[in-house]
Every structure is written in C-alpha cells, then in structure tokens.
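Thanks for coming. Please have a look at the sequence and the structure, and then I will go through a few side chains one by one.

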Amino acid sequence: MRIESAEVIVTSPGRNFVTLRITTSDGRTGLGDATLNGRELSVAAYLTEHVVPLLKGRDAARIEDTWQYLYRGAYWRRGPVTMAAIAAVDMALWDIKAKAAGMPLYQLLGGASRTGALAYGHASGRDVPELLDSIRAHIEDGYRAIRVQTGVPGLDSVYGVAASAAGGGERYDYEPARRTALPVEESWDTRAYLRHIPGVFEAVRAEFGPELPLLHDGHHRMTPIQAAKLGKALEPYDLFWLEDATPGEDQAALRLIRQHTTTPLAIGEVFNSAHDYTVLLRERLIDYVRSAVTHTGGVSAMKKLLDMAAHYGVKSGMHGPTDISPVGMAAALHLDLAIHNFGIQEYMRHSPRTLEVFRTSYTFEDGLLHPSDTPGLGVELDDEAAAAHPYEPAYLPVNRLTDGTVHDW
C-alpha cells in the first residue's frame, strides 16, 4: 500500500482550514488537519513545496518511520509550521490504516477506555446577566462543563467574548479571527480584569451552585504574580482549571503560581512538541495538557505526550476551538476515548457551512463526545463544497495596554 498522491486543500467556509489528503495505490484516502490560525498559507506552502514531494512511493503503513523521516530529515525541528505539517501527514496515514483495518481509529490505539469524552463549551457575555444567560443556553444544549469568559468594565472588546463590540459595532463571534488585511488592535487593562473576575465567578456559583465544572482562560495576559493572585482569589469557586495564566514559553512562571494557589492549571495550546512540557510535567507544575493534535505532530506524537503526562498524574484537556478543523477534532476524540488519563475536551460546534465541507460522524450527547465507529477518523471532505469557499486573510486581534504597549492576546 504505497502513497500514490497527496494534495493540499485550502478552504474557508467561515474559517480558513488547511487539509492534506493522501491517496494510496489501492485507492484508499486519508485526511489530515494542518490548520494554523492566521498562518494557514505558511503550512500549505510547507506541505506543497517540501513535504508532498517526499511522500510519493512511501509505504503508507509505516507511520512511525514516516513521522521520524519528516521530523529528523529536515534538520530544522519543531516549530508550529513544521509540526502542523507533520501532524497532517500523521493523521492521514492513521486514517488510511484504520480504514484498511475496517476499524475506527480508537480501536487501533488500544480500544475505548470510556463511553464518551466529557466536553466543555464556551459561555460568555458582555456583563454578568448576559453571561448567565449564555451558561443557561449551554446547559440546555447538553453541556455539563462550561468555560466562563466575560467583558471587563471600561473595555469595548474582549477576546473570547462573543458579543463584544468590535470596530463598527458588528457582532464579534468567538473565535475572533476577523477577515481583514491586518489584525485589529484592541485595548487591554490587566488590573481592571483582575478586579472584575472574582466577582463574576461569585455570581456564577450563586446562580448555578457548586457542582457545575467551571473553567476560565487567562489568554496568557498575566505576569506570574498576577496569575498567582488570580488563582488564589478564585479558590473559593472551585475551578476545574485556570488556563494559560501566563505566556506559555516562560515555564518557570508556573513554579511561582503553583507556590501560591491550589487552583488547577492548564497550559499548552501554543506548544508544538512534547519537549515543551518536560519541566512542567517532571515538576508537576500543571494539571492538564492543552495541546492540539493538529499543532503537536499528530496522533503519534500526541499519544506519546499524553502517555508521558500520565506518569506524572497529569490529564488531557486538548485544544478544540473552531480553528481546529473537524478532521483535527475527530483525531482528538479518538485519542480521548482511548487514553487512560483523559481529563476533558474543549468543544465548539463548527458552523453549518464548515460541516457542508467536512462531513463528520462524531456525536455530542448528554455532555459527551464520541468519535463514532466509522472506520478511520470518520470524516470526509466534499471537494465541490470546499472549492466554493476560497481563502480569505483572517487574523486574531492584537492587544495593546492602555499605554499603547503590545500585549498578549
């Protein structure tokens, strides 16, 4: 079963997605997600110019060997572009292998360890009443765990809040990758945020009680001592986790935060390798791994990372917003079902336009996701629908502090 061809498909049904489709000599196809939000064309070019020419004629069954060939053979290692490209190849080859076996991928990963994967949704509001309404709507939709984000008094637009005003006042839907030639710039005030957030969680707990798992994303905006202060202030509200409290590349910052708070910590959506986690795992500085299969080298690499995390009592919490395509989401769900140290899965529903391009078989019921028993990943791509949505530039916002300094988003 040799690789006959590989093609890169860029489509934009509401969001920009990069998909690799590998076809074998016996006619089987496999899909891989290579989407890198705001840098999609970089990965598409990397695949087209550097990776696809290396694949033709290779044995499609040799997944680990192909992974190492692409990772080690290029000399330059890691980085989000390289790892997203390798992830796409890896996913596509696992898709093909599972289809050849007539099994869903999770069966090749050791079989199911649970009946489904607990998922959390994104509730948000410009103010507390709007946030409470959003939480109610998510609970009615079946979510049993909720991420809580809210507007901050004095700030017009806040990343992660769907109804924030933006530019001319149009609705600012999360994820806020706006279709513009240049990123939109927003203002940010960390001190105002730190004053506001504890009261938000007090109101949420008062309304919904102590049982509902609540999560919060700091979007890397705090210094270590600010994050420690927030983690301490949120302890009475029993968060499932505080995510991305500080910039992820500063691993030593997690030591200081850990010294001051027992609020569980999650980080890693901007990481792209198991090497980014070695200190965090060894010193038990985090509780959840937040990487995406799409950005961390695929199923093979993510499985190894999560197996390593299991030895330190750290669980999975894989990245899953709508800039992960349905192909990448399906790959995550197969891992969620198979691994022992599953924690929770981020889940934002893709738009109807996206689901016209990517035909999925995974399900969401009673708060749990299941990848389905369809052989392979369980996702197919409609070429005609994909072609109807050409690429458009889209960027996440750039944040500036009130003094004009560029800040983390």
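I start with a definition: a residue is called buried when its relative accessible area is under 20%, exposed when it is over 50%, and partly exposed in between. What you see is a predicted model.

Take Asp-383 with that definition in mind. Its relative accessible area is 42%, so Asp-383 is partly exposed. Which residue does Asp-383 form a salt bridge with? The partner is Arg-21, and the closest N and O atoms are 2.6 Å apart. Arg-21 sits in strand S2, residues 17-24, while Asp-383 belongs to helix H13, residues 383-387, so this pair ties together parts that are 362 residues apart in sequence. Arg-21 has a relative accessibility of 11%, and therefore counts as buried.

The next pair is Arg-400 and Glu-185. They form a salt bridge too, with 2.5 Å between the closest N and O atoms. Arg-400 is in strand S19, residues 398-401, and Glu-185 is in strand S8, residues 185-188, so the parts tied together here are 215 residues apart in sequence. Arg-400 is partly exposed at 28% relative accessibility, and Glu-185 is partly exposed with a relative accessible area of 48%. There is also a network: Glu-243, Glu-269, Arg-290 and Glu-346 are joined into one by salt bridges that share partners.

Now a pair within one helix. Asp-133 and Arg-136 meet through their side chains in a salt bridge, at 2.7 Å from N to O. How are Asp-133 and Arg-136 placed in helix H5? They are three residues apart in that helix, which spans residues 128-140, so about one helical turn separates them. Asp-133 is partly exposed, with a relative accessible area of 47%. Arg-136 counts as partly exposed as well, at 30%. For the whole structure, the search finds 23 salt bridges.

Is Thr-11 buried or exposed? Its relative accessibility is 0%, so Thr-11 counts as buried. What does Thr-11 touch, leaving aside residues up to four places away in sequence? The list is Asn-16, Phe-17, Val-357, Phe-358, Ala-386 and His-389. With His-389 there is a further detail: a polar atom of the Thr-11 side chain lies 3.4 Å from the backbone oxygen of His-389.

That is the end of my part.

Terms used:
Residues are numbered from 1 along each chain as its sequence is written. This is a predicted model: local features need pLDDT of at least 70, side-chain atom pairs count only at pLDDT 80 or more; totals for chains, interfaces and linings use all residues. Side-chain values use heavy atoms; hydrogens and water are left out. Buried means under 20% relative accessible area, exposed over 50%, partly exposed in between (1.4 Å probe, protein chains only). A polar contact is a pair of N or O atoms within 3.5 Å; within protein, one must be able to donate a hydrogen and the other to accept it, and residues adjacent in sequence count only if both atoms are side-chain atoms. Contact means heavy atoms within 4.5 Å. A salt bridge is a side-chain nitrogen of Lys or Arg within 4 Å of a carboxyl oxygen of Asp or Glu. Helices (H or I, at least four residues) and strands (E, at least two) are DSSP runs, numbered from the N terminus.
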